[in-house]
Amino acid sequence: SSDRPFPIVMATDSDYALPTLVAISSIFTAIDNPRNVQIYLIVPSTMPQRLGSVFEAATDHYKANPIHFIESPDNYKDADLHIQHTSAATYYRLNLPELLPDVDTCLYLDGDIIAAENFLDDFSFPMDNTLIAGVKAAGYYHPPENQQNQADRLHIDAFDSYVNAGVLMMNLDLMRKENLTAKFAELLQENFPSQDQDILNSACYGRIRILDPSLNLMTKYHPLDSDSFNSNPCIRLCWTQEEWQSACKKPKIIHYADFAKPWIDSAMDFSDLWWAEVEKVAEICNDSTLYLSLIRKNTDSFLLQRSKLEKANDLFANEREQRIAGNRRISQLTQENQSKEKKLLELGNQISHLETSLHTTQKSLDNKKRTLEKRTSQLAQTKTKLKDAQSKNKKLAKRVDSMLESNSWKIGRAITYAP
């Protein structure tokens with residue numbers, strides 16, 4: 001009924017107790033009245049009593065309803081874990097219809113979340129024929145050409161409503177009526193790579209409601225990067241720019257859904273919110289060992305990260321030396337190119353000078369050719385005149401010879417020279 005507290009289910013174990021406690025504390029802080037929710041916590045039978053008392057201290061501080069502890073089922077203890085940063089507890093949500101027989105609908109939350117705003121109204125919708133409701137797991141939608149292969153491996157028609165199972169509204173009543181737990185057990189044999197998330201999306205396909213990304217803002221998509229929408233095609237395949245930027249600006253549930261966790265990487269997105277909540281929890285529970293246990297638990301991770309950083313620094317130093325050597329070589333080649341360009345410029349000037357000289361010489365040759373042609377023409381005319389003169393001389397010589405041979409010339413000569 002509407003006056004009953006809103007059911008929220010989580011699962012934890014000794015290793016994940018602190019993150020889960022931090023998540024629960026953030027929920028109590030975010031909602032108007034902590035009594036408006038009822039936390040169900042699935043825990044192993046081996047959970048230390050001290051950890052249970054820490055959860056009770058938190059609920060007492062917030063005057064919240066006592067947490068209902070539920071012993072975890074053992075039917076998934078041998079399930080394969082393909083995702084490194086998960087545990088067998090991730091499969092417990094598949095048993096919720098039977099674990100919570102009196103609960104009709106519930107919100108399942110992973111332990112690596114922080115509630116940043118009041119989210120209850122966003123999940124207070126009628127489930128009707130819907131089996132689950134969640135936010136799209138954007139990373140699975142890229143590349144788009146692989147979506148049909150994704151659909152085929154899950155035995156569904158299309159890859160259009162695949163959601164992340166870390167923040168999941170579940171219709172337990174309908175699941176019981178349709179005996180969906182048996183379907184889950186059957187799909188468990190498929191050995192899906194994304195474990196129970198694949199099982200839920202496969203079994204509930206066609207009856208999945210898609211929610212706004214602000215209700216499960218996953219840090220793996222770097223929401224604090226102002227260029228995340230443009231730089232990540234996964235985001236663009238699932239949401240509009242307005243939807244994404246609005247969620248990043250005012251998230252309601254932040255989900256550290258990746259290998260990177262704020263208790264390992266204090267520089268990741270929204271890690272400051274998580275650590276602020278840790279301080280609050282330590283104060284509430286009056287238990288400074290929460291810090292110490294967390295630090296001890298992640299010393300190996302820190303040392304591993306430092307080792308990786310040192311290797312990265314060595315790699316960076318090598319790359320830097322290579323870049324310096326490369327820059328020297330580039331500088332040397334640049335100088336050689338400048339020298340060659342200078343020589344080419346000189347050769348160009350020489351060629352230009354030779355072309356000018358050749359043009360002048362050609363012009364002089366053309367003038368001389370014209371003069372030669374003119375003189376040749378004059379010589380030809382002179383030859384013609386000389387030939388004409390020679391012809392006339394020959395004719396004149398013949399006449400002279402003719403005259404000399406004539407009797408009248410002889411008589412005339414004799415008369416001229418007569419005494």
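Let's start with helix H7, whose buried residues are Gln-195, Asp-196, Gln-197, Asp-198, Ile-199, Leu-200, Asn-201, Ser-202 and Ala-203. "Buried" here means under 20% relative accessible area, with exposed being over 50% and partly exposed in between (1.4 Å probe, protein chains only). Helices (H or I, at least four residues) and strands (E, at least two) are DSSP runs, numbered from the N terminus.

Before going further, keep in mind that this is a predicted model, where local features need pLDDT of at least 70, side-chain atom pairs count only at pLDDT 80 or more, and totals for chains, interfaces and linings use all residues. Residues are numbered from 1 along each chain as its sequence is written, and side-chain values use heavy atoms, with hydrogens and water left out. As for pLDDT, that's the predictor's confidence in each residue, from 0 to 100. The protein's mean is 87, and 89% of its residues reach 70 or more.

What does the covering? The list includes strand S6 (132–134), helix H4 (147–153), strand S7 (167–171), H6 and S8.

That brings us to helix H6 (residues 180–188), where Leu-180, Thr-181, Phe-184 and Leu-187 are the buried residues. Look down the axis of H6 and these fall within an arc of 120 degrees, so they line one face of the helix. (The arc is that of the directions from the helix axis to the C-beta atoms.) An α-helix has 3.6 residues a turn, so residues three or four places apart point the same way. The buried residues of H6 pack against helix H3 (96–99), helix H5 (172–177) and helix H7 (195–203).

Now for some strands. Three of them form an open sheet in the order S5-S10-S9, with mixed pairing. Strand S5 (113–115) and strand S9 (217–218) are at the edges with a single partner strand each, so one side of each has no neighbour in the sheet. Two strands count as paired if DSSP finds at least two bridges between them; S9 and strand S10 (residues 253–255) have two, in the parallel sense. Leu-217 sits opposite Ile-254 in S10.

Finally, visit Leu-215, in the loop between strand S8 (208–210) and S9. Leu-215 is buried, with a relative accessible area of 4%. Its contacts (heavy atoms within 4.5 Å), leaving out residues up to four places away in sequence, include Phe-119, Phe-123, Val-135 and Ile-253. Leu-215 and Val-135 are 80 residues apart along the chain, yet their C-alpha atoms are separated by 7.2 Å.
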